[in-house]
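Here is a walk through one protein structure, taken contact by contact. Keep the model open while reading.

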Amino acid sequence: PPHAQPQQEEDEEEDEEEAADAEPAEMPPLVKWEIENRERILAKEEAAAEELRKVKVEAKASVEQFYSERSEGIQSTRQRNLSSQDEFCKQRDTLFTSGQIWERVVSLIDLKGTNEKRQQRLARMRQLLLTLKNEAK
């Protein structure tokens, strides 16, 4: 049977080649799972990348909106401040051109007061200013 042994090895090699040809059709469960798992991971990564892209687009739009609103707010505040300044200057100029000095001072100060404690603290000053105003007449 030395002659039978080489024949047996040839048969085994043919069986292995046939098995190799059959493996792609019938994959082991582990290989099948690895392929499916890789596909799922790739799909998740693609979905995550798409979600990240959407979030970045929304964030960029939000930042642009913020700066736009901020710019508008700054402009409106600037306009409001300029008009307040002009009005204040007009009132100041008219105040300094009319009346006695103490009348001007009294017109600049709130003599009524809004707080009871404040009224008590300012009572003496208010009395003094009114006296000076009346003396100037």
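Arg92 counts as partly exposed because its relative accessibility is 33%; buried means under 20% relative accessible area, exposed over 50%, and partly exposed in between (1.4 Å probe, protein chains only). Arg92 forms a salt bridge with Asp93, with 3.3 Å between the closest N and O atoms. Asp93, at 41%, is partly exposed as well. A salt bridge here is a side-chain nitrogen of Lys or Arg within 4 Å of a carboxyl oxygen of Asp or Glu.

This is a predicted model, in which local features need pLDDT of at least 70 and side-chain atom pairs count only at pLDDT 80 or more, while totals for chains, interfaces and linings use all residues. Residues are numbered from 1 along each chain as its sequence is written, and side-chain values use heavy atoms, with hydrogens and water left out.

The structure holds two salt bridges. In one of them, Arg53 meets Glu50 at 2.6 Å, N to O. Both residues lie in helix 2, three residues apart, about one turn of the helix. An α-helix has 3.6 residues a turn, so residues three or four places apart point the same way. Arg53 is partly exposed at 45%, and Glu50 is partly exposed at 34%.

Helices (H or I, at least four residues) and strands (E, at least two) are DSSP runs, numbered from the N terminus. Helix 2 covers residues 29-97, and its 69 residues should span 102 Å at 1.5 Å a residue, the expected span being 1.5 Å times one less than the number of residues. The end C-alpha atoms are 100 Å apart, which agrees. Gly99, with a positive phi near 75 degrees, follows helix 2.
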